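Subject: Structure for you to look at

Hello,

Here is the structure we spoke about. Please open it next to this message and follow the notes below.

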Amino acid sequence: MSGLFGTLNTATKGIHAQQTALQTIGHNVSNANTEGYTRQRVTMQADFPQHVTGVGHVGTGVRVGSIDRVSDTYVTTQLREANSTLKRHESLSDIVGQLEAVFNEPSDAGLGNQVSEVFNAWNYVASNPEQGSARTMLVQTAETFTDTLRHMSQSMSSLHTDTVKELDNAALSVNSSLEQLDTLNHQIWQASLKGSVPNDLLDQQDRLLSDIAGNVDISVERDEFNRVFVEADGQTLLDRNSRQELAVVTEQNENGDFFLSNGEQINVPEGSEIKRGSLVVKTQGSNDVTLIEAQSGTIKGTQDALNVIKDAQGELDDFAHSFAKATNMIHSNDGEGDPFFSFDDANVASTIRVTDDLKTNPENVVSGASLDNEFAGDGSRAQAIASLQNNPLPSDSESWQLSGDGTMTIEGDGPGATLFNRYNSLVTGMGIVKQQEDNMLETQTALTEMLSQRRESISGVDVNEEVVGMIKYSSAFQANSRVLQTISEMLDTLINRTGV
């Protein structure tokens with residue numbers, strides 16, 4: 001169409017195009033503080049020209065080519081992976097920090113100080129074997145020591161259980177995000193079939209992928225309709241036709257059977273090293289599972305923390321066992337008399353106690369060479385126990401035996417270390433893990449922030465920039481309106497003021 005009506009149509013299309021651009025700017029500004037929002041940009045194109053004989057191609061105005069998300073897929077992927085690694089170190093550092101709080105070292109209330117107090121009490125008995133109050137003080141000090149050991153063991157068990165629950169919650173969060181992502185895939189597919197690009201839905205898609213990656217590392221693929229398909233450790237979690245759910249092994253019974261948090265027993269694949277805290281994908285319609293080895297994310301950090309807790313529990317049990325066995329061996333003359341401590345070999349730290357007889361009758365504490373305290377003033381046996389503070393003990397406690405020369409020292413196989421050094425090694429090792437994770441967390445935080453800033457510089461909304469665009473499109477809108485007004489006046493003159 002040429003002539004005045006053609007020009008009228010051109011101006012109208014110009015108004016509509018500028019109006020679309022202004023509406024998009026308004027949408028950007030409204031979401032300037034929306035987390036994960038990607039700014040949108042209107043791409044305008046010259047409309048198809050009209051061919052006029054003898055003249056050539058005459059322009060017919062503008063049309064909106066597309067409304068695009070301003071994003072960099074590479075940066076988005078980098079940020080998602082960096083955030084996954086950050087969440088791993090964040091989770092591990094937090095839980096190890098809680099484990100450090102259980103030990104409460106160094107402090108006057110810590111177990112290390114109480115170990116020294118127990119040995120000091122034995123020294124006092126050795127120096128004052130005839131005083132009943134010295135034995136009473138020893139029993140009370142030892143009771144405080146065993147109470148602390150049991151409390152620490154129980155606190156670590158509770159921390160282990162709570163950590164497994166955190167793992168299960170992380171798996172449930174992944175499942176919820178996968179369900180939302182599945183629904184979103186369908187909505188995006190429907191919009192794409194109609195030829196539109198659902199920018200805001202794609203933003204939601206990216207946020208969900210980031211949430212999933214924060215819990216477990218994933219690989220993502222897109223199809224031609226912008227649907228995403230998710231895998232973890234090579235196992236498909238979401239594709240065109242199906243969605244799998246993650247689960248965490250939370251319990252193991254005495255028979256070695258494993259159970260999920262919902263109480264469902266699972267079939268352990270042959271050759272799989274499944275344990276409490278393992279992440280699995282459950283096969284629909286059966287009890288079969290596939291083990292998932294996470295490499296990053298909250299789940300990986302929490303699994304690493306479970307290993308740290310378990311190792312610390314084992315080392316604390318070893319320390320408690322060595323302490324109790326060495327004391328009992330000397331106090332009872334290797335089983336001839338009564339022990340000082342009672343405990344369950346399967347879990348020493350949580351069961352160790354001063355024997356009921358000694359709590360009731362502290363005078364029965366053996367201080368001298370004679371097991372019935374026959375010689376008043378003899379503190380040699382108490383001194384031998386006190387010497388355990390500085391005398392290295394062989395590492396193989398099964399080989400321990402009292403020396404035959406009457407010195408009441410313990411001999412055996414393996415390299416030696418004092419009881420205090422064994423405990424100090426446990427605390428130091430845990431501190432090293434905490435320090436390493438804090439350093440990694442600091443480094444990864446800086447990297448993630450850098451990538452986040454890079455993404456923001458590309459995809460974030462700059463209000464000042466949007467205001468400049470608003471002025472530009474507003475001016476174009478007004479200019480097109482002016483053209484429309486001029487054409488309207490010309491048509492009015494032509495139609496109403498031209499005589500026939």
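Asp206 counts as buried, at 15% relative accessibility; buried means under 20% relative accessible area, exposed means over 50%, and partly exposed lies in between (1.4 Å probe, protein chains only).

Before the rest, some ground rules. This is a predicted model, in which local features need pLDDT of at least 70 and side-chain atom pairs count only at pLDDT 80 or more, while totals for chains, interfaces and linings use all residues. Residues are numbered from 1 along each chain as its sequence is written, and side-chain values use heavy atoms, with hydrogens and water left out.

**Salt bridges**

The search of the whole structure finds 16 salt bridges. The term stands for a side-chain nitrogen of Lys or Arg within 4 Å of a carboxyl oxygen of Asp or Glu.

Asp206 forms one with Arg222, at 3.1 Å from N to O. Arg222 is in strand β5 and Asp206 in helix α5 (residues 199–215), so this pair ties together parts that are 16 residues apart in sequence. Helices (H or I, at least four residues) and strands (E, at least two) are DSSP runs, numbered from the N terminus. Arg222 is partly exposed, with a relative accessible area of 40%.

Asp304 and Lys300 also meet in a salt bridge (3.4 Å, N to O). They are separated by about one helical turn, because they are 4 residues apart in helix α6 (residues 297–331). Asp304 is buried at 14% relative accessibility, and Lys300 is buried with a relative accessible area of 18%. Salt bridges that share partners join Arg69, Asp203, Asp206 and Arg222 into one network.

A further salt bridge is formed by Arg243 and Asp182, whose closest N and O atoms are 3.9 Å apart. This pair links distant parts of the chain, 61 residues apart: Arg243 is in the loop between β7 and β8 (246–252), and Asp182 is in helix α4. Asp182 is partly exposed, with a relative accessible area of 29%.

**The sheet**

In what order do the strands of the open sheet of 3 strands come? The order is β5-β6-β7, with antiparallel pairing; two strands pair if DSSP finds at least two bridges between them. β5 (219–222) and β7 (235–238) are the edge strands, each pairing on one side only. From one strand to the next, the twist averages 30 degrees. Helix α4 (residues 132–193) packs on the sheet and touches β6 and β7, and its direction makes about 65 degrees with that of β7. Axes are lines fitted to C-alpha atoms, for helices over the stretch in contact, and angles run from 0 to 180 degrees between N-to-C directions. Strand β6 (residues 228–232) is joined to β7 by 3 bridges, and Glu231 stands opposite Thr236 in β7.

**A buried serine**

Ser367 is in the loop between α8 (356–360) and α9 (380–386). Is Ser367 buried or exposed? Ser367 is buried, with a relative accessible area of 1%. Not counting residues up to four places away in sequence, its contacts (heavy atoms within 4.5 Å) include Val125, Pro129, Arg135 and Asp378.

Regards
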